Amino acid sequence: MQKKYWVSVILLVLLLGGIGLFFYTKNEQQRKEQEVLQMELTTAKQIKNTFADVTKIEFAEKYGKNKLTGYTSVDVTLTTSYGVISVIDVDMSLKDIPKKLESYGVNPKLLEGVTETKVKIIFSNKTERSL
Amino acid sequence: MVTEKELKDLNKKVYQVDLGYKESKIKYTNKPSGQLKNYERNIIKAGNQNFKILSVKNGAYGFQGMAVAPIIEGVPDVSQVTVVAAGTYPKDIADVKAAAKGMSPNGSPQVDIALTYVGQLIDDHPDWTIQQLSGYSQSAYMLKVGAHYQIPTTVFSGWFQYRSLTKAEAAFMKENPHLFLNYRQSNDDVTKWNDFNSTWGNSNDFGTTIWVAGSSHQLDSWSFDVQTGQVKISNSPENAEGIMVQTSHYIMREYTKQLSTLAQLKTKLTASGGGLSKNERIYLEDQQALLSVEAGRCAYQNAMSNAIKVYQNIVSTIEELWQETLREAYDQTAELSDYEINDSLRAIGATEQQMVTEPTALFQQKIIQAKGMDKAFATLSNEIKGKITELLQKD
């Protein structure tokens, strides 16, 4: 009888632990996802301050991380009103965020300037919004 | 002249000359614009400057490097070429193996590839002037390449075996430490366990390491001044020496640059008139003297501001120590009167006069002396300027 009791107690503890771990992981995942979305929104603002007449900004699903340099990079596809579609390589950092984008591979067909009009953003998790 | 912020960005991007670099589809190449494929780029934006990629190298032992020139008024300015080598890419086995080998006194095997690469660029492009080399982490071996070809070099979070320098390279670095900047954080374990240099024990770095308080090895950890583009070192007592070294290197660089402008002027004047007139010679000599005095003054002011900071720290520490001594004396001898406590302290030579007033006066005297020297520099500089103006009016 006592043995059965202890087995039930251990099972209950394990179950509660498992549920706790599940929610913790999920929360952590959500927190990270929020952080990424925030970084993407900041990057989208920088893109609007760097290039003219952008109509759509789409973040790639796959991220790159150079563990040594500390930079997280993502390829972003820009669509413009003048028909140019081009990819730029953006390194995202949580510190010293300038108004304009700094350091990326230049495609001279992409006109530098400011985009004043609304832009459609497709985030890496495929959600969308206009900015 | 490329800024340190731009160098940091170039160091971040140079990894992408490697087709095996997995973190971005965009790859950097020196192909002509008409031949670029969808994900290839031959221009890099670093800071606010566009740089044309003139050459890329993907060599043995996981070496990656590139030569770039700033695009000025639409044209790459090849009189300002910068060569950057990539740090270790943790997902590239050859790169990691090279880093492990780099712990030996000879340093990373990638250095031989870098030496050949830069040498070839110099031989193949006599119209280029390679003005700057740079690296990060493992590729701090660019310091050796810089000492070899006598080119200014700046590296970030670099580990480097200074013993791998040849006699001639070491001699050049020793004579021109201002051309070499090795920014490194004092508690960065990656650099420490690779070359065993630390704030408390170094192989001779000839005054090229700029120690900054911090423990990160990441390139992302460095901040830059928005105006100057130079590495921003926060103002704290443990960074005082680093700030001094950084400033003095820049003063010397500016000084040597101005001197070479004067030398060019001399060549021009000689060429036009077949020789220097008496006034021209006096003018050039006065300008040179003025430059020396101004550089001396800047270097002195730099050292002085640090010395004053140290003195002020000592003065406040002395005052604190005295107050602490008094507090402890009161705590431990509650039954004695103030007079008796002071008397006992005096008996062992601990009076406020001896412990606070006299040393404080001494340090304040030193600060006044230092400021006096600065005035002397200013007077000398004004005298020379006056002479130059006089000469120009006569001419």
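1. The domain assignment of chain B, whose bounds come from an automatic or database assignment, gives domain 1 (4-233) and domain 2 (255-394). The centres of domain 1 of chain B and domain 2 of chain B, taken over C-alpha atoms, are separated by 36 Å.

2. This is a predicted model, in which local features need pLDDT of at least 70 and side-chain atom pairs count only at pLDDT 80 or more, while totals for chains, interfaces and linings use all residues. Residues are numbered from 1 along each chain as its sequence is written, and chains are lettered from A and ligands numbered from 1 in the order in which they are written.

3. Chain B holds ten helices and eleven strands, where helices (H or I, at least four residues) and strands (E, at least two) are DSSP runs numbered from the N terminus. Its radius of gyration, taken over C-alpha atoms, is 27 Å, well over the 21 Å that the globule rule gives for 395 residues, so chain B is more spread out than a compact globule; the rule itself is 2.2 Å times the number of residues to the power 0.38. Along its principal axes, the C-alpha trace of chain B spans about 90 × 70 × 40 Å.

4. The largest nonpolar core has 61 residues, of which B:Met66, B:Ala114 and B:Met142 touch the most other members; helix H3 (residues 110-124) of chain B gives the most to this core, with five residues. Such a core is a set of buried Ala, Val, Leu, Ile, Met, Phe, Trp, Tyr and Cys residues joined through C-beta atoms within 7 Å. Apart from it lies another core, of 18 residues, among them A:Phe51, A:Leu78, A:Val87 and A:Val90.

5. Leaving aside neighbours within four places in sequence, B:Met142 is in contact (C-beta atoms, placed from the backbone, within 7 Å) with residues including B:Ala85, B:Ala114, B:Leu133 and B:Val155.

6. In chain A the secondary structure comes to one helix and seven strands, and the elements run α-β-β-β-β-β-β-β from the N terminus on. The radius of gyration of chain A is 22 Å, well over the 14 Å that the globule rule gives for 131 residues, so this chain too is more spread out than a compact globule.

7. A:Tyr5 lies in helix H1 (residues 2-50) of chain A and is exposed, because 9 other C-beta atoms lie within 10 Å; a residue is exposed at 12 or fewer such atoms, buried at 20 or more, and partly exposed in between, with C-beta atoms placed from the backbone. A:Tyr5 and A:Phe51 are 46 residues apart in sequence and 68 Å apart in space, C-alpha to C-alpha.

Technical notes: Contact = placed C-beta atoms within 7 Å.
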